[in-house]
Amino acid sequence: MNRKIFLATFFFISLFSFLGFQENEATLALEKTNKQFNLDLTEIDLSVNKLLLAAENLTEKESSIAALQNAIEDTRLKYKKTEFLLAYFDPYNTKKKINGAPLPSVEPNVPEVVVIEPSGLQVLDEMIFGETVFENKKAIIELVKKFKKDFSEARIFQSRIEMEHRHVFEAMRQELVRIFTLGVTGFDTPGSANAIAEAKKSLEGVYAALNNYMPLIEEKSRGLAIVMDARMEATLQYLNVNIDFETFDRLDFLMNHIEPQYEILLTLHGQLGIEFFEEVDTRQQAVNYHAKSIFSNNFLNAGYYANLDLNNPLIDKRIELGKILFFDPILSNNIERSCASCHQPEKAFTDGQKKSIATDRQGNVGRNSPTLLNCVFSDKYFLDIRESRLDRQMLHVVKSDKEFSTDYTEIIKKLNESKAYKSLFSDAYPDNPNYLISTYTISDALSSYVASLTSFDSPFDDYVTGRTSFIDPAVKRGFNLFMGKAACGTCHFAPVFNGTVPPLYDESESEVLGIPTTPDTMNVEMDQDLGRYASGLPRDKAEFYKTSFKTVTVRNVALTAPYMHNGVYESLEQVVDFYNRGGGVGLGLEVPHQTLPFDHLSLTPEEQADIVAFMKSLTGDMSKFDTPEKLPVFENNPTWNKRKIGGEY
């Protein structure tokens, strides 16, 4: 046989053998993962039966209560081992019925109040580790029975799912986010504070699935396999040693364990040739799967929230047009106010007022002006979360008698009197010649600009992502307190540090804090603004939404004083003191549905100062948010050409 023919034949036989090996190993990896998943679900079932027995046999004896607590811990650990797949395949029911927060909610997308009472493992954790365990025996039994039923239904649903390789890798990376944001912060364990042990169990489940793929990984990259194997072992050892909730170093855990593994899993996903989400589904997702870091400036997809295609070749022109409109008082009735009147760039797009000044300086708009930086990363807008679409936010401002006090018909009429504006709209929206300047194009341009107002370039971001190697030790301590003992991170979720809930980041929360009318802690009165309850949406007319307000970001918070919806606090120190005292209830107010922990946090003055230092380290570069050099000219209205960029402040 000719040597060249022999070598070619040998090469192709070797190639097909390798590909055959890969295919067999890939199939085997998926089969093992699927088998283990089903075994883990069975383990949960068995554990729930023991939990129910412990609840039914509960007495006032300490040993009986301890047995029940051990049973719920065991059930939760069993759940945590397979949470990454269970929650990935059925996020809604997992959140509402299996392991949801112990707070009531309402059914979404219905024109009335349909209350969903809290149930699941978090509720049981809080109740069983509470001070009145035996008194709640009946309620605990009913909750365990409900969980047993809900979990049984979930198993039936899960059994019909055909697991794929990409599901496994997406679920593993999603779980890393969940462990850091909801796990080690204590969000998931409101009663037991068993957060570190549960994080370890969650990682054991992830690593077991990844180990099924190790033969394939070793064939692709022996070096990566060794690195990942060493990292898995090191992380489990780290969690074995560092078990105390209050002293756990969350910043070290993030930077040296979660973040590196999050990046390596993405690399492995690609190297194994496993398809990515966008190859099978064109829908946008909130999380950019290709981001290497949870703190990457592209970790969240602004286009998803704003319903915009940020890859559109015209997006830059639309953003620029939106910026001009944002700073142009021509949009208001008196041609004196612009969006920038209440959202000034140098103040992180706030205005420094307790409550924003109303049009013609007649009183105020009733609430403090929230920052627009990173506001796009939300599924609801305004402090009372009454609007679900960013492009419709402008409509509320336009129609409000206290703000622009006009309508779109009048705005469109005015803009059409400017050749410059017509040209800008024509360049940005060439596909809409018959509706060049319209409600749609105005709103879309403005939302494009607001969606571009993102800020992930603070000193803290620089440190976490490795752009710098030093940060003030007070910031490190403050971050660990924020994400741990002080419980700030259980409402202000990383990385935006707002109320958009990880790991899917597709739902924004509001909280009842019991905000007072003045900072006086001796003569306290409750602020009467009903917040979400008075949003105008029928489904928000639930008692537990009274005085509930959107959880806004604490990024750039050093620039956005005064604080709270009514501007009651002038400094961050006052804000931290309010939380440390236990919110409104801690101040002695009657706040029936307060979602903030009532107990004092017992933070020392030094700890409070460290938390403030951390929040100040989240201040980004405001100089990049420039204003237009000039506003478009109106040829037939010379008085309009005297208007000021940004309007009156």
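The chain of the predicted model has an average pLDDT of 94, and 97% of its residues reach a score of at least 70. An exception is the stretch of residues 6-21, where the pLDDT falls below 50. Beyond near neighbours in sequence, this stretch makes four contacts in the model.

The second largest pocket was examined next. Its volume is about 870 Å³. The pocket is lined by 42 residues, of which His343, Phe382, Gln393, Val397 and Glu403 lie closest to its centre. Three elements, namely α13 (339-342), α14 (393-399) and α17 (439-451), each contribute two or more residues to the lining. The greatest contribution is that of α17, with four residues. When the lining is divided by class, 18 residues are nonpolar, 16 are polar and eight are charged.

Two buried arginine residues were found in loops. Arg337 occupies the loop that connects α12 (315-326) with α13. Its relative accessibility is 4%, below the 20% limit, and Arg337 therefore counts as buried. Leaving aside residues up to four places away in sequence, Arg337 touches Asp328, Pro329, Ser332 and Cys342, together with Ile357, Ala358, Thr359 and Asp360; the remaining partners are Lys402, Glu403, Phe404 and Glu648. One of these partners, Glu403, is also listed among the residues closest to the centre of the second largest pocket.

Arg555, in turn, is placed in the loop between β4 (548-550) and α20 (572-580). Its relative accessible area is 1%, so this residue is likewise classed as buried. With residues up to four places away in sequence again excluded, the contacts of Arg555 include Phe295, Asn374 and Leu618. Further contacts of Arg555 are formed with Ser455, Phe456, Ser458 and Asp461, and with Pro495, Val496 and Phe497.

Burial was also considered for a whole helix. In α4, which spans residues 121-128, six of the eight residues are buried, and the helix is therefore largely enclosed by the rest of the structure. The buried positions of α4 are Leu121, Gln122, Val123, Leu124, Asp125 and Ile128.

Arg155 belongs to helix α5, which covers residues 137-159. Apart from residues up to four places away in sequence, Arg155 touches Asn38, Leu41, Thr42 and Asp45. With Thr42 there is a polar contact between the two side chains, at 3.3 Å. Asp45 and Arg155 stand 110 residues apart along the chain, while their C-alpha atoms are separated by 9.6 Å.

Asp309 is located in the loop between α11 (302-306) and α12. This residue has a relative accessible area of 46% and is thus partly exposed. The side chain of Asp309 reaches the backbone nitrogen of Asn311, at a distance of 3.0 Å. The C-alpha atom of Asp309 is separated by 9.5 Å from that of Ser448, although the two residues are 139 positions apart along the chain.

Methods:
Residues numbered from 1 in each chain as written. Predicted model: local features only at pLDDT ≥ 70, side-chain atom pairs only at ≥ 80, totals over all residues. Heavy atoms only, no water. 1 Å grid on protein atoms, 1.4 Å probe; cavity = no way out; pocket = protein on both sides within 12 Å on 5 of 7 lines; lining within 4 Å. Points joined across faces, edges and corners; volume = space filled by probe spheres on them. Nonpolar A, V, L, I, M, F, W, Y, C, P; charged D, E, K, R; others polar. Buried < 20%, exposed > 50% of the residue type's maximum accessible area, 1.4 Å probe, protein only. Contact = heavy atoms within 4.5 Å. Polar contact = N/O pair within 3.5 Å; in protein donor to acceptor, adjacent residues only side chain to side chain. pLDDT = per-residue confidence, 0-100.
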